[in-house]
Amino acid sequence: MDLEAFARDLDRLQEEAEAAFARAADGDTLEIARVEFLGAKSGRLKQAQKSLSLVDREAKPEAGRRFNEAKQRIAAAFEAARTRLADRGAEAEAIDVTLPGRPLVLGRLHPITRTIREVQEIMARLGFESVDGPEVEDQWHNFEALAIPPEHPARDPLDNFYLAVAGGTDPLLLRSQTSTVQIRVMESRRPPVRIVSLGRVYRPDTADATHYPMFHQVEGLLIEEGTTMAHLKSVLRLFASSFLGGDVHVRFRPSFFPFTEPSVEVDMEWGGRWVEMGGAGMVDPAVLEAVGYDPDHVSGFAFGLGVERIAARRHGVADIRDFYRNDVRFLGQFGERLR
Amino acid sequence: MIVSAAWLSDYVELPDDTDLLAERLAMAGLNHESTSRVGDDAAIELEVTSNRPDCLGHIGVAREVAVLFDRPLKLPDPQPPEGPGDASHCIAVEIREPRMCPFYTARVIRGVRVGPSPEWLVARLATVGVASVNTVVDVTNFVMLECGQPLHAFDLARLRGGRIVVRAAAAGESFAAINHRDYTLAADHCVIADAEGPVALAGVMGGAESEIGPETVDVLIESGQFDPLAVRTAARGLGLASDSSFRFERRPDPAMVEWASRRAASLILELAGGTLQRGRVAAGRLEERTTAIPLADGRVEQVLGMPVPADRQRATLTALGFVEQPAAAGGTLWLPPSWRRDVTREIDLVEEIARIVGYERIPEDVTIAARAVAESPRQRVVRIAGEVMVAAGCYEAMTRSVVDERLDAVGSPWSESPSLVISPPLVRGADRLRRSLLPSLLEAAGLNAAVAAGRADLFEVARAYLPSGDFSGLPEEPLLLSAVVAGDYAAAKGLLEAVLSAEGLGLAAATGSPRLVCRQIEHGLFTSGRAAEVLLEREGLGLFRLAVLGEVSAAVRGMFGLPGVVSAFEARLDPLETAIRDMPGIVRPSDYPPVERDLNLVVDESVPWASVADSIGSEAGDLLERLRLVEVWRDDERIGPGRKSLVVSLTLRSHAGTLSGDEAAAVVERIVDACGKACGATLR
C-alpha cells in the first residue's frame, strides 16, 4: 500500500469520526460513535493502525506520523463532544436549589454527659485527672472515712438506699456522694493528688421539678503540701471563669459538711446574680488521717457540684425529671451553643 | 429556724436595715431563706446547719448578731421565787436507761390557773408560726424557741404513782400521744413513764393523758437531755418529728437544761400564778466538757491563705464565748462555751475565726502549679463509643439504675443470679439494681413510640450491678454500652462493628490477638435464631463475652409497645480499656493498582459466612485489601436445595509491585481451593 492511499483512508476516517462526534446528541449516541471509531479491539482507528503495517517500508515513518496526528485529532474531537454533552446535561438538569439536602441524621449526647465533659475538660486544664469508682459502696468509704460516724443522721436507713442482705451487719449501699471515689484514690496513692470524681449518686427524695433520687455529682479534690483556702477559691474562680465565660467571681458562705473543715457553700456570679453552685471546703484532718495521710504535712481542699442543677440552669430546663424521660424531642435540642 | 426580729431585739440591738442583718448572718453561716412581715414584726427564716443547735433558739442567733455587729448581748437571769413545799415530796425521778437519757430534771408548780396567754406571748409565737394553746404550753414553747432547750409540762395530777421513770419502751407497748393518736413502740424508743405506763415519748412528744388543760392545777416541768440517736429513731420510726425531736437530734446546750427550767418556772408563775415548790428533782449526770483546744500561732494563715492578726483572732473567739486559758509559747489555748459542742479541734477554731472575719477576704488569685493530665483509658473508651453512636444518629439516654420487677424479669445477658435489692425503692416499685441496661432502654424507646416522637434510636453508657458470689464483697459493675435501634439484626451488628472498630477491635479482623468470635445464642430478649454473642479471645485468658446482639423478640417488643423490627446490642466497655494496649502501626497505602475479582461460591446452608471469610482471609494473606459480601442467594433449581451462593468481591493488591493477571488468577485459585477444602465451597 502506498502512502497516498493510506493517507486518503486516514483523512476520511478522521472526517467521519469528527462528524459523528459532532452529531452525537446524547451520551448513548456518543458512546456508539466512540466504539465505532475508538473501540480498543475493533474500532476503525485500531484497524487503520493495523493497515499501517501494509505501507511500503520507506513511507512508514511518514505514515506513522500522519496516523498519530489523526489519532490525536479524533481523540480531541471525542473529548470536545463529551465536554459539550456534559455541559448540556448540567443545563438540562437545573434543579430547585431550595430543596432539602439528603438528610444526615446525627444523634446527640445527653445534656448531663455534655455538662460533665465540659467540667472535666476545664478541670483537666487545671491539672485535675478524672477518676471513677463503684456505685455500690461499703460503709467505710461512704461514711466512716468521710468522718460520718455510725450515729450520724446521714446514715439513717430512710436517708440511704441500703442493700437488703439477710443477716448483714454493715450493709452495702448505693453511694450518696462521689467523695467515696476520693477516699479510694487517696487510699491507693500518696500526695500530691489532684482529681475529679464524677458519676451517679443516690439519695431518697421525692422526685419533683428540682429533685430526683438519682443524680450526678462532680467532685474535685486537691491534696498538696501548703494548700490553703486561697487555693480553693482561686481554682474555683478559674473554673467559674472558664465555665461561664469572662472574669467571674466566686463567693464563699459558711456551711457544714462532715468531711471538710472549714466548709463553705460556693456561689458564682451567673447572669448578674449570685448562684449557688455547690459545696466546698478544706479536707478535714480526720479524713486525711483515715486514709493514712499526715495532716501535719499535707492539706487539701475538696468541692462538689450538682450536675443536674448546672445543666438545668445552663439550658433553661424547668423540670429536671425531663433529663430522665429520654424523649428524643427533648434530647434532640441540645446542640453546641454559645455561652 | 424562723426568728422574730422583735424577739431578737430583747437580747441585742438590731441594725435598722433588716437586709443588712440577713446578709451578714448569711455570710457568717446562717443562710437567709426569706423575710416576711407579721404585723409589726418581721419573721426571718434562717437555714441552720446541723452542727449549730445553739442557733435553734433566739438567744443563739442574737449572740451571732452581737458578735457580727459588735454589740452587747443582754440575757435574762431567771430566779423564780420558791414557795413552801418541796418538789421532792411531789415526785420521784428514776433513769433506767442512762444511755438514752443521761440527765433529767423536774420542777413543780402547784395551784396554777391555766388560761389564754397574754397578747405579747401570742404575738411572739405567731411570728415564728407557732399556735397559742394556753399559758403553760405556750411558755414551754417560748423557752424552747428562746434558748433551744425543749421542755415538756405534765399535769402532775395525771402522773400515776407520784413517780417518773425514764426507760426504754417495751417492744409492742402502746402510747397515746398528745395528737390523740395511738403508737406502738419499739425497744429502741425511750419513754417517760409514770408508775403504770408511758406518759411521753422522750424528747419527741407528750402523752394525751397527762396533757395540760384548763383543769390543770399542778404542773411538772421536765427539762432533760436525751440521746440524739434514740430521739431520731423514735421520731422517724413513728413519723412523729417535732420541734423538740429536731433539737434533741442536734444536742442542745447542756447548760440550758437548768436555765430553761428556771426560765419556764419564772414565766409560768408570772402568767399563770401558783407556787413553785422548793428545789428540783434530778436524776443522772450532766456531762460537762473541760477540754481546752490549742491553737498554734500561724495556723489560721496556714489554712485560710490570708493573715489574721493575733488580736483579731483573740477578740473573735472571745466574743463567741470561748475562754482563753494559760498556754505554752507558740500558741493559745481555748475553752469552748457549753453551747458550742461542735467545736472540738484546732481546725474548728480556725473555721470560727474565718466565718466571722469573712471569707470574702480570702484571696482569689493565687497560682497553682501546672500538672499534666492524660485522658484515662476509661474516658477514651467512653468518648469513642459516644462519638460513633452519635454519628450513627443515636440519642444518648439516661435511665434509672434501679428497676422494677417487670423490667428486671426481661433478663440480662450477664447474670442469671437474682438482682440485688435496695430499700427504700428508688421510685415506686423500683428496688432492683439492674443487671442490664436493655430493659430500661427498650422502655424509653417504647415511651418515644407512645408519644410519636419520631425516629428514636437510643443508646446509654452506664453500669450494671452483678451480684458477686459471696455477699461480703462489692458487686461487679461492668460498664455497658447498650443500644436499641429500628431495623434488623444487621443494623445492630453494623453499629456494634463500627464501635468496636473505632475502639481498635475490628469484628472483621479475624486474625491476631485480641480476636473476636461471633456465635449464635438463644436469649429471651431476642428472637430465636436471630441473636448472637461476640466473644473476645485474649491470649492466656480464653474466651470472654464482650457483647450480645439480636432482633428484639416479639414478646419483649409487645411488652414495651414497640412497632416494627427493633434490634439491640449490649457491649461491655470495661475490657476495652485494657484489651487494646498497642494500636497497630499505620501502614502506608500501596501505590500499585488493585485487582478486583468477584467470586460466586456455593456452600451448604449450614456453612456460616465467618468460615468462608476466615478461609479467604488466611489464604490471601497480605494481598487481600478488601473482602466484601455482595449478596447471598438461593435457588433450588440452579444450585440445588439446601445450598446458598455467596457472591463475594475481592480486592487484591500487593505492596511489592503490580499484580499481573496471572498472579491474581493464581491467588484466586488458591482461595477457591481453600474454601473448597474448609467449607465445601464450589465455584459457580
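This is a predicted model: local features need pLDDT of at least 70, side-chain atom pairs count only at pLDDT 80 or more; totals for chains, interfaces and linings use all residues.
Confidence comes first. The model scores ipTM 0.87 and pTM 0.84. Chain B averages a pLDDT of 93, and 97% of its residues score at least 70.

Chain B holds 19 helices and 33 strands. Its radius of gyration is 39 Å, well over the 26 Å that the globule rule gives for 684 residues, so chain B is more spread out than a compact globule. The C-alpha trace spans about 125 × 60 × 50 Å along its principal axes. The domain assignment divides the chain into domain 1 (2–69), domain 2 (82–284), domain 3 (293–361), domain 4 (377–579) and domain 5 (595–683). Between the centres of domain 1 and domain 4 of chain B, taken over C-alpha atoms, the separation is 55 Å.

Of the contacts in chain B between residues at least 6 apart in sequence, 70% join residues at least 24 apart. In soluble globular proteins, nonpolar side chains tend to be buried together. The largest nonpolar core here has 245 residues, and the members that touch the most others are A202(B), I268(B), L458(B) and A483(B). Helix 8 (residues 256–272) of chain B supplies the largest share of this core, 11 residues. For L458(B), setting aside neighbours within four places in sequence, the contacts include C394(B), Y395(B), L441(B), A483(B) and V484(B), as well as N326(A) from the other chain.

After helix 6 comes G239(B), whose phi is positive, near 65°.

Finally, the contact between the chains takes 67 residues from chain A and 73 residues from chain B. On the side of chain A that touches chain B, the elements giving two or more residues include helix 5 (111–125), strand 5 (193–202), helix 8 (229–244), strand 7 (250–257) and strand 8 (260–270) of chain A. The residues of this side divide into 37 nonpolar, 13 polar and 17 charged.

Note on methods:
Residues are numbered from 1 along each chain as its sequence is written. Chains are lettered from A and ligands numbered from 1 in the order in which they are written. Helices (H or I, at least four residues) and strands (E, at least two) are DSSP runs, numbered from the N terminus. Domain bounds come from an automatic or database domain assignment. pLDDT is the predictor's confidence in each residue, from 0 to 100. The radius of gyration is taken over C-alpha atoms; the globule rule is 2.2 Å times the number of residues to the power 0.38. Two residues are in contact if their C-beta atoms, placed from the backbone, lie within 7 Å. A nonpolar core is a set of buried Ala, Val, Leu, Ile, Met, Phe, Trp, Tyr and Cys residues joined through C-beta atoms within 7 Å. A residue is buried if 20 or more other C-beta atoms lie within 10 Å of its own, exposed if 12 or fewer, and partly exposed in between; C-beta atoms are placed from the backbone. Ala, Val, Leu, Ile, Met, Phe, Trp, Tyr, Cys and Pro count as nonpolar, Asp, Glu, Lys and Arg as charged, and the others, Gly among them, as polar.
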